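Have the model open while you read.

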Amino acid sequence: MPTPRIDRRTFLRASGVLIGLPFLEAMMPARGAGTNQDPARLVLVGQPLGMYGPNFFPTKPGRDYEPSRYMKLLQAHRDRFTVFSGMSHRYATGHFAEVGIFTGVAPEMIRDKDIKNGISLDQEVASHIGNETRFSSLIIGGGDVAWNRRGVRIPSEQRATRVFRQLFIAGTPDEEARELQRVKDGQSILDDVGDQIKALNRKVGTGDRERLDLFLTAVREAEQSLQQDEHWSKTPKPKVDFQTPTSDFGGPQLVERSRQWYNIVHLALQTDSTRVISLWLGTQERPDIEGVTLGHHDASHHGQDPAKLEQLALIEEEEIKLFAEFLDKMKASKEGSNTLLDRTAVLYTSNLGNSSSHDNNNLPIVLAGGTFKHQGHLAYDPKNNTLLSNLYVRMLQHMNVDAKSFGASNGIISEV
């Protein structure tokens, strides 16, 4: 007996609000109906302080590379990612290169306080496929990294609670506010929809039940993260014998905040709420990580001081662990015969290579997932860097965008 079809716009209804469901096999129309059953997705993850090269880059190129200190944390996905070295936009503007990290315009277009920018990679993709989902793209976490075709910056949403509400809670403003408050008070939205979930489980196959279970687990985790965030906002910070850093980049809860954002990204993709996301992470303050006593910015400007380098390694290892957790979730989420990771090009990078010298060359770059022919470690000339925009052309093609160039590209990375 064939599995009955379920409307793609099916929602769980609770307390006057609606919760979108993940994409299920039972929602797929018959083949030939003209819909995109194999949607490609794009996630750009950036952070502002680079990665310490000797800990990030393997020394040997190719698939049989020996993993570096940081790459050891990603080995569960070894065949699903490529780490690149010798690649950049060839900028020389220090932290200010953030504005060009995802636009890849020519170096002469990015000058201190005089930006003539182009469209960012996420918005180029959104212009082609954004009308297929509720949200054409999500720009979250912070940073000046998303730009429209006129070179005008698109603001990033830095409040996870607002993004969560926009994605998963649909109702009147008062209903949304009440429901979000219930979440913060520890009352799960899912408590009100138990009977609906049971009824839905009776209509779908084993694979869809597993997807629903993963989705509902992710919703509860996101709710718990919001509750934790609310708790920390009301809890006095500990007093330490350390000068309080000042920063426009978040606070000390680097781990909790990054994990919360990754969970929201995963949920947004799992529900097919959007297929294009740019996420800017990181903090310049002292993160609450065991053994860390320096601010992230201070540690990143290490001057080869061994003590600072080890502090920096503890912070950066935690960042890579969080990225690995995200890839785990993407791999565990099935969609048809594939996984979300199989469908999604995930780029992890920074606008800085060596933060200590404000060097924008040899950027830390990992490309995971998608339909790419992953190569392990692709090593280019560390002095005459290959343009990162050449990789962006390849990523556009992964997204089924017929592109021959992007930004200041002068070719395409055809190896992947």
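Let's start with the overall fold: of the contacts in the protein with a separation of 6 or more, 68% are between residues 24 or more positions apart, where contact means heavy atoms within 4.5 Å. This is a predicted model, in which local features need pLDDT of at least 70 and side-chain atom pairs count only at pLDDT 80 or more, while totals for chains, interfaces and linings use all residues. Residues are numbered from 1 along each chain as its sequence is written, and side-chain values use heavy atoms, with hydrogens and water left out.

The protein has 11 helices and 15 strands; these are DSSP runs (helices H or I, at least four residues; strands E, at least two), numbered from the N terminus. Of its 416 residues, 56% are buried, with buried meaning under 20% relative accessible area, exposed over 50% and partly exposed in between (1.4 Å probe, protein chains only).

**Helix pairs**

Axes are lines fitted to C-alpha atoms, for helices over the stretch in contact, and angles run from 0 to 180 degrees between N-to-C directions. A crossing is left-handed if the near helix is turned anticlockwise from the far one by less than a right angle, and right-handed if clockwise.

| Pair | Axis separation | Angle | Handedness |
|---|---|---|---|
| α7 and α9 | 10 Å | about 20° | right-handed |
| α2 and α11 | within 11 Å | roughly 25° | right-handed |
| α3 and α7 | within 11 Å | roughly 15° | left-handed |

Because angles under 35 degrees count as roughly parallel, that is the label for α7 and α9. On the α7 side (residues 254–270), the residues that meet α9 include Tyr262, His266 and Leu269. Their partners in α9 include Leu322, Phe323 and Phe326. By class, this contact has 10 nonpolar, 3 polar and 5 charged residues; Ala, Val, Leu, Ile, Met, Phe, Trp, Tyr, Cys and Pro count as nonpolar, Asp, Glu, Lys and Arg as charged, and the others, Gly among them, as polar.

Helix α7 also packs against α3 (residues 160–168), and this pair is roughly parallel too. Here Ala160, Val163, Phe164, Leu167 and Phe168 of α3 meet Gln260, Trp261, Ile264, Leu267 and Ala268 of α7. That contact has 9 nonpolar, 1 polar and no charged residues.

**The cores**

Which residues have the most contacts inside the largest nonpolar core? They are Phe56, Leu74, Tyr262, Phe323 and Val366, in a core of 64 residues. A nonpolar core is a set of buried Ala, Val, Leu, Ile, Met, Phe, Trp, Tyr and Cys residues joined through side-chain atoms within 4.5 Å. Helix α9 gives the most to this core, with 11 residues. Leaving aside neighbours within four places in sequence, Tyr262 touches Val45, Leu279, Leu281, Leu322, Phe323, Phe326 and Tyr348. A second, separate core has 34 residues, including Phe84, Leu347, Leu378 and Leu388.

**An enclosed helix**

Now for α2 (residues 121–129): 7 of its 9 residues are buried, so the rest of the structure largely encloses it. The buried ones are Leu121, Asp122, Gln123, Glu124, Val125, Ala126 and Ile129. Their cover includes β3 (41–47), β8 (138–140), β9 (276–280) and α11 (388–398).

Note on methods:
Parallel < 35°, antiparallel > 145°, perpendicular 65-115°, else oblique.
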